[in-house]
Amino acid sequence: MFEFGRDLRKLFSQARESEDLSWVELIGVDLLAAEARREATDAGRVSCARPFETERRAAALWREHARRSGAVDSLDRAERCADSLMRAAVGERQVVRAAVDKAQVLMLRFDLCGDPANLDRALGVLATGDPKGEAPTRRSPVSGELSAIHARLKARQARLSGDTAALMDAAALMDMAQHETGEGDVELRLDRAGLALETGVVKRDARLLDQAGRDLGVLVEAASPDYRPLTRARALALCGAGLSALAAVAGHAEAQAQGRMMFDAAADQFTPDHSPLDWAVIQVLRAGDDATPLMLLNQAEALTQGRGLIVGALVRERRMGREIALAEAVRDLAGLDLLEDRLRRRLVGAAPLDWAADQIGLAELALARHRLGGPAPRHLNLILNEAVATAREMGVPVLAERAGVLLWKASL
């Protein structure tokens with residue numbers, strides 16, 4: 001949908017030299033990888049006029065490719081670029097920007113694969129990159145970049161803690177960072193709106209929910225589908241997630257329908273091959289809707305499996321849950337046996353998050369078989385507690401919550 005021929009790509013020649021990389025939203029992941037390789041090659045040439053800036057663009061392009069494709073090797077390339085920047089940095093500005101790039105890679109590694117240690121490492125890198133060794137200040141010429149990444153990292157840690165006070169502190173940091181950076185940092189604005197939405201749902205705070213709705217509305221309006229399709233899709237998906245959460249709390253059918261429309265609109269902004277992980281995330285977010293075709297979850301799993309990704313584990317669990325529910329609805333005991341055999345075979349050698357997702361699937365299957373007149377499931381608490389522990393250790397509370405819900409059902 002957004003692939004360009006040679007002549008049209010010439011239009012981006014000037015954009016390639018800019019620090020604004022919003023234009024990459026218009027190209028698919030294959031062309032994005034080619035652009036990243038080109039920048040990395042140029043940065044290594046003796047004739048390169050601005051090697052530090054060129055390598056920074058290469059790092060940013062590799063990060064974006066990893067974010068959109070889930071390719072761990074692209075994430076590794078981005079980290080190698082960041083390490084090279086830290087070694088080559090000269091002067092305060094370059095030292096700070098190299099530290100920011102390294103922290104962004106580590107934050108993305110957490111976003112894709114989990115492990116809260118990545119957040120700790122990122123904050124440690126920022127501390128070494130801050131000339132004062134303390135929180136970023138306005139006096140630094142690149143303090144806006146430091147403030148933004150620092151606030152986003154703290155927000156992720158606050159969400160893992162689940163502590164309301166920590167969430168509010170993180171929101172305050174994000175407010176200060178946005179005041180310093182203005183409206184140009186779209187990633188910060190999306191994270192800020194997402195945090196306000198989550199905190200508003202947890203606290204039942206209408207003010208925070210209203211703020212999140214306004215911020216997301218501005219992002220949707222400002223992100224043209226012709227120029228910023230992925231930003232627009234992510235903002236629409238957050239709107240849909242907020243409406244779906246409110247509908248679940250209040251039992252509001254109209255809000256649920258509106259949330260479904262938001263997810264549909266988000267998925268319509270691009271094709272699955274243009275940004276596979278963005279598309280898969282949308283399918284995970286709307287997987288709670290029984291009207292979502294199983295075919296979409298199958299496609300999302302095919303795009304994410306085998307990489308140890310958070311979204312891959314979530315798709316894996318949701319898709320298996322849907323298959324179990326369908327088999328139970330028609331009392332297909334043979335089908336449940338086949339699903340169990342598949343799950344047990346997949347457990348061998350599975351990545352930690354995939355293992356936790358499949359343990360949840362086995363627990364769901366045992367409960368479904370019991371509801372159909374089978375024996376009471378044995379060792380269910382042990383299985384689910386192990387899944388909860390693994391999910392929490394990897395920093396994926398949503399997967400831990402899914403296991404916790406089953407624990408509650410098993411105790412009834």
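## Overall fold

How many helices and how many strands does the protein chain have? In this predicted model, the protein chain contains 20 helices and zero strands. The radius of gyration of the protein chain is 22 Å, close to the 22 Å that the globule rule gives for 412 residues, so the chain is as compact as a globular protein of that length. Taken along the principal axes, the box filled by the C-alpha atoms of the protein chain is roughly 75 × 45 × 40 Å.

Buried residues account for 51% of the 412 residues in the protein chain.

## Surface and charge

The protein chain exposes about 19,300 Å², and carbon and sulfur atoms supply 54% of that area. As for charge, the protein chain carries 55 positive and 60 negative side chains, and the centres of these two sets lie 1 Å apart.

## The nonpolar cores

Which residues touch the most other members of the largest nonpolar core? That core has 70 residues, and those with the most contacts to other members are V24, L112, I282, V311, L353, L384 and L399. Helix α18, which covers residues 352-371, gives the most to this core, with seven residues. A second, separate core has 16 residues, including F110, L119, L123 and L126.

L112, one of the residues named for the largest core, shows which parts of the chain meet at one position. Leaving aside neighbours within four places in sequence, L112 is in contact with A66, R67 and L75, and also with L277, G308, L309 and I310.

## Buried residues with charged side chains

D101 is found in helix α6, where D101 counts as buried because its relative accessibility is 1%, under the 20% limit.

E317 lies in helix α16 and is buried, with a relative accessible area of 1%. With neighbours within four places in sequence left aside, the contacts of E317 are A357, I360, E364, L399 and R402; among them, L399 is also named for the largest nonpolar core. R68, in helix α4 (residues 51-69), is buried as well, with a relative accessible area of 0%. Beyond residues up to four places away in sequence, R68 touches V24, E25, I27, G28, V29 and L32, together with L230, H274, S275, P276, L277 and D278. The C-alpha atoms of R68 and R50 are separated by 27 Å, and these two residues are 18 apart along the chain.

## Two places where helices meet other segments

A43 is placed in helix α3, which spans residues 29-43, and is buried, with a relative accessible area of 13%. Although A43 and E55 are 12 residues apart along the chain, their C-alpha atoms are separated by 5.2 Å. Leaving aside neighbours within four places in sequence, A43 is in contact with C48, P51, T54 and E55.

Q94 is found in helix α6. The C-alpha atoms of Q94 and F52 are separated by 8.1 Å, while the two residues are 42 apart along the chain. Not counting residues up to four places away in sequence, Q94 touches F52, E53, A88 and A89.

## Loop residues with positive phi

Which backbone angle is positive in D115 although this residue is not a glycine? In D115 that angle is phi, with a value of about 80 degrees. D115 is found in the loop between α6 (91-113) and α7 (117-129), and its relative accessible area of 32% makes it partly exposed.

R331 is another residue other than glycine with a positive phi, here near 55 degrees. R331 is found in the loop between α16 (310-329) and α17 (333-347). Is R331 buried or exposed? At 56% relative accessibility, R331 counts as exposed, because the limit for that class is over 50%.

Note on methods: Residues are numbered from 1 along each chain as its sequence is written. Side-chain values use heavy atoms; hydrogens and water are left out. Helices (H or I, at least four residues) and strands (E, at least two) are DSSP runs, numbered from the N terminus. The radius of gyration is taken over C-alpha atoms; the globule rule is 2.2 Å times the number of residues to the power 0.38. Buried means under 20% relative accessible area, exposed over 50%, partly exposed in between (1.4 Å probe, protein chains only). Accessible areas come from the Shrake-Rupley method with a 1.4 Å probe; for residues, only the protein chains shown count as cover. Lys and Arg count as positive and Asp and Glu as negative; His and the chain ends are not counted. The place of a charge is taken as NZ of Lys, CZ of Arg, CG of Asp or CD of Glu. A nonpolar core is a set of buried Ala, Val, Leu, Ile, Met, Phe, Trp, Tyr and Cys residues joined through side-chain atoms within 4.5 Å. Contact means heavy atoms within 4.5 Å.
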